[in-house]
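Hi there,

Here is the structure I promised to hand over. Please have a look at it first, and then read on for what I found in it.

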Amino acid sequence: MISDPELSQWSELWLSDNTAQEDIAARAHRAVRRFRLWIYLEVLVTVVMGGGFTIWAWQARQPAVTYLTIWVWVSLAIAWIFRLINDWNDFTGAAVATGTYLATLLRRHRSNLRAATFGGILFFVQLAVTYTWVYRQLSRQGRASELLPTNMFLVFGTLVFVAWLLRYRSRLHREIAELEKLQPEFGGNSSPAPKVPWLKLPNLDLVERLVIARKKWLRI
Amino acid sequence: MVRDTRPNPEQQLAGEQQRNQFLAAVRRLPADYRRVIVLVLEGLSHDEVAEVLGLNTGTVAVRVNRAKQMLRDLLKEKS
């Protein structure tokens, strides 16, 4: 709410410029929704995978299952540690406070790019270790042939994942190039390191409005 | 009978011209001032603008005032 009447009138003029605005707003909404969804998804995967394997190990009481459960927890821990280190700056309030929001957006995109690479590597390591474990267990029981349908599923799943990863990375590269082109206009090539060293979720509403403002900036 | 309250074509055209003039004036502001005013026009409070741009609230207020003055001058110049 703008209390200054003159600014309020100008703001109405500014906001009434809605050429391609709907698409921009929709994109911004989607970006924020996706961001929220990822966080929920990561927590869900941790709870389901970690919890599921723990329950299985508890019921099976076999060393092999216990080792697999430990491996699953180690992988989850690695993923979360990477997530926190990689996104540390993006999740602190100071990331918004200390730099221009353009620099913040750029940093988020670069973090996402690193996360995509890391996610791909972790996926293949997980797949290799878990698959080897399952194969060895079934071979011991003479049931290795049961893996055939799983193989088909795995190949298909892997192809879908790789295709998605490549598409996601190329989209991020495009966005980064677009933001880098804007940087001289905005001034400041980087934002200082965050001052607040604790974890804090970004103000999503603010981020959303900034995304819209940035897009509009592109057009004026 | 229901009265049509929507602007007529002439009013629409005038509104569009006014908006284009305003956008052109915003475009001509120096980057530091433009950055601040664009965020204010988007509806961000001075505190939020300060947070986003890493400035203190006082600086934001000063820049908003100067940007307003420049915009007034530019719009007067245009008209």
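Some housekeeping on what you are looking at. Residues are numbered from 1 along each chain as its sequence is written, while chains are lettered from A and ligands numbered from 1 in the order in which they are written. This is a predicted model, so local features need pLDDT of at least 70 and side-chain atom pairs count only at pLDDT 80 or more, whereas totals for chains, interfaces and linings use all residues.

**How confident is the model?**

The scores are ipTM 0.85 and pTM 0.50. pLDDT is the predictor's confidence in each residue, from 0 to 100. Chain B has a mean pLDDT of 82, with 87% of its residues at 70 or more. Among the elements of chain B, α4(B) has the highest mean (91) and α1(B) the lowest (79).

Chain A averages 73, and 65% of its residues score at least 70. Two residues are in contact if their C-beta atoms, placed from the backbone, lie within 7 Å. Residues 20-25 of chain A also stay under 50, with three contacts beyond four places in sequence. Where pLDDT is low, the predicted coordinates should not be read in detail.

**Chain A**

Chain A has seven helices and zero strands. Of its 220 residues, 14% count as buried. A residue is buried if 20 or more other C-beta atoms lie within 10 Å of its own, exposed if 12 or fewer, and partly exposed in between; the C-beta atoms are placed from the backbone. Among contacts in chain A with a separation of 6 or more, 75% come from residues 24 or more positions apart.

One residue to look up is Arg61(A), in the loop between α2 (21-60) and α3 (63-91) of chain A. Arg61(A) has a positive phi of about 50 degrees although it is not a glycine. Is Arg61(A) buried or exposed? With 8 other C-beta atoms within 10 Å, Arg61(A) is exposed.

In chain B, buried residues make up 29% of the 79 residues. Of contacts in chain B between residues at least 6 apart in sequence, 54% join residues at least 24 apart.

Helix α2(B) is mostly covered, with nine of its 11 residues buried, and after the helix comes Gly43(B), with a positive phi near 105 degrees. Helix α3(B) is mostly covered as well, with six of its eight residues buried; Gly54(B), with a positive phi near 70 degrees, follows α3(B).

How do these two helices pack? The angle between α2(B) and α3(B) is about 135 degrees, with axes 10 Å apart; axes are lines fitted to C-alpha atoms, for helices over the stretch in contact, and angles run from 0 to 180 degrees between N-to-C directions. The pair is therefore oblique (angles under 35 degrees count as roughly parallel, over 145 as roughly antiparallel, 65 to 115 as roughly perpendicular and the rest as oblique). Arg35(B), Val36(B), Leu39(B) and Val40(B) of α2(B) make the contact with Val49(B), Val52(B) and Leu53(B) of α3(B).

Finally, Leu71(B) lies in helix α4 of chain B and counts as buried, with 21 C-beta neighbours inside 10 Å. Leu71(B) and Arg28(B) are 43 residues apart in sequence, and their C-alpha atoms are 8.8 Å apart in space.

Best wishes

Technical notes
Helices (H or I, at least four residues) and strands (E, at least two) are DSSP runs, numbered from the N terminus.
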